[in-house]
Amino acid sequence: MEYRKVGKSGLRISELSLGSWLTFGAQLDIENAREAMRRAYREGINFFDNAEAYASGMSESMMGEILKEFKREEVVVSTKIFWGGNKPNQKGLSRKHLLEGTWNSLKRLQLSYVDLLYAHRPDPETPMEEVVLAMDYIVRNGLAFYWGTSEWSAGELEEAHRVAEKLNAIHPVVEQPQYNLLSRERVEKEYLPLYEKYGMGLTVWSPLASGLLTGKYNDGIPQDSRLARFPGLKKHLEENGMLSKENLEKVGKLANVAKELGIGLPQLALAWILKNENVSSVILGVSRVEQLEENLKALEAKEKLTDEVMKEIESII
């Protein structure tokens with residue numbers, strides 16, 4: 001396991017990490033979640049990702065119980081604030097919700113601080129000065145060590161850095177975007193100027209495109225699959241074209257490349273992301289410990305993705 005720096009910060013996290021979206025509290029009960037985290041830790045994973053919105057807080061509560069088994073200084077824990085409830089001040093990035101949301105998340109996680117705190121989405125209704133100063137307060141008061149963003153545009157990130165510079169406030173150090181073989185534009189083009197200019201790190205989500213890059217949906221949607229269980233996710237993928245015939249054909253060709261290399265398609269997809277030096281960590285989401293074990297094989301698969309293989313993959317996608 002390689003431990004990569006989060007942007008220009010001194011924090012080091014495992015190149016593969018474990019997240020809890022759509023799994024903890026939805027597909028995994030407490031015991032299966034415990035086994036997944038134990039196995040991840042034994043294999044060198046030190047970064048565990050969460051959010052106040054996941055399973056309406058249950059995901060954080062489950063992770064908090066499990067984290068009691070680990071030495072706090074040996075793990076890196078993150079959570080994200082934006083969707084805390086349905087009342088007027090339980091959503092967004094107002095100073096009130098950022099502070100109260102963070103306090104509530106820490107209670108559920110049974111922690112006095114998280115290592116990384118993300119603004120889960122941009123909030124056009126809250127002034128950037130308010131967001132930056134609230135995050136500055138949170139970090140300076142030890143509720144989080146670093147702050148970052150998730151799915152912010154390059155323009156919004158530029159504004160956050162400008163405001164932080166103007167106010168002498170702590171800058172964001174990390175972004176959490178979607179990134180995989182079929183979703184590349186933001187990470188590879190839009191953010192490109194930001195890596196060197198601000199030293200932003202990336203902890204990327206949906207590395208297997210919600211399971212599309214496992215090949216399981218090439219011949220339809222199995223009844224026990226994630227897309228069958230979460231119709232809203234299926235609708236989202238259909239609306240943004242991810243489930244298009246063109247993409248499914250690409251997945252089929254990628255599967256052939258993986259077969260030639262003697263690895264699984266998920267391992268190829270994960271290893272391809274790990275070849276990107278701007279990526280600090282790839283967040284895995286697993287519904288079974290066996291999935292985690294298969295995904296961890298991507299660490300060995302990295303060496304098989306030579307320049308020639310990377311060119312072949314590029315020609316397909």
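The model is predicted. Its largest nonpolar core has 93 residues, and a second, separate core has nine. The second largest pocket holds about 220 Å³ of space.

**Nonpolar cores**

- Within the largest nonpolar core of 93 residues, the most contacts belong to M37, L181, L213, L254, L268 and I313.
- Helix α11 gives the most to this core, contributing eight residues.
- Leaving out residues up to four places away in sequence, L254 touches L181, L213, L265, L268, I313, I316 and I317.
- Apart from this core there is a second, separate one of nine residues, with I13, V76, Y118 and V174 among them.

**Helix α12**

- Helix α12 spans residues 289-296, and its buried residues are V289, L292, N295 and L296.
- Viewed down the axis of α12, these buried residues fall within an arc of 120°, so they line one face of the helix.
- The elements that cover the buried residues of α12 include the strands β3 (16-19) and β10 (279-284).
- Helices α1 (30-42), α11 (265-274) and α13 (298-301) are also among the elements covering those residues.

**Second largest pocket**

- The volume of the second largest pocket is about 220 Å³.
- Its lining consists of 14 residues, and E52, W83, G84, G85 and Q90 are the ones nearest the centre of the pocket.
- By class, the lining of this pocket divides into nine polar, three charged and two nonpolar residues.

- M135 is found in helix α4.
- M135 has 0% relative accessibility and therefore counts as buried, the cut-off being under 20%.
- Beyond its neighbours within four places in sequence, M135 is in contact with L98, L117, Y118, A119, W147 and G148.
- One of these contacts, Y118, is also a member of the second, separate core.
- M135 and A301 are 166 residues apart in sequence, and their C-alpha atoms are 38 Å apart in space.
- Y195 lies in helix α7, which covers residues 192-198.
- Y195 counts as buried because its relative accessibility is 11%.
- With residues up to four places away in sequence not counted, Y195 touches V187, M200, L202 and N278.
- Between Y195 and N276 there are 81 residues of sequence separation and 12 Å in space, C-alpha to C-alpha.

- A55 is not a glycine, yet it has a positive phi of about 50°.
- The loop that holds A55 runs between β4 (47-49) and α2 (58-67).
- A relative accessibility of 34% means that A55 counts as partly exposed.
- Q110, likewise a residue other than glycine, has a positive phi near 55°.
- Q110 lies in the loop between α3 (95-109) and β6.
- Q110 counts as partly exposed because its relative accessibility is 40%.
- P127 belongs to the loop between β6 (114-119) and α4 (128-140).
- At 43% relative accessibility, P127 is counted as partly exposed.
- P127 and I81 are separated by 46 residues in sequence and by 16 Å in space, C-alpha to C-alpha.

Conventions. Residues are numbered from 1 along each chain as its sequence is written. This is a predicted model: local features need pLDDT of at least 70, side-chain atom pairs count only at pLDDT 80 or more; totals for chains, interfaces and linings use all residues. Side-chain values use heavy atoms; hydrogens and water are left out. On a 1 Å grid over the protein atoms alone, a cavity is a set of points where a 1.4 Å probe fits but cannot get out, and a pocket is an open set with protein on both sides within 12 Å along at least five of seven lines; lining residues have an atom within 4 Å of a point. Grid points are joined across faces, edges and corners, and a volume is the space filled by probe spheres set on the points. Ala, Val, Leu, Ile, Met, Phe, Trp, Tyr, Cys and Pro count as nonpolar, Asp, Glu, Lys and Arg as charged, and the others, Gly among them, as polar. Buried means under 20% relative accessible area, exposed over 50%, partly exposed in between (1.4 Å probe, protein chains only). Helices (H or I, at least four residues) and strands (E, at least two) are DSSP runs, numbered from the N terminus. The arc is that of the directions from the helix axis to the C-beta atoms. Contact means heavy atoms within 4.5 Å. A nonpolar core is a set of buried Ala, Val, Leu, Ile, Met, Phe, Trp, Tyr and Cys residues joined through side-chain atoms within 4.5 Å.
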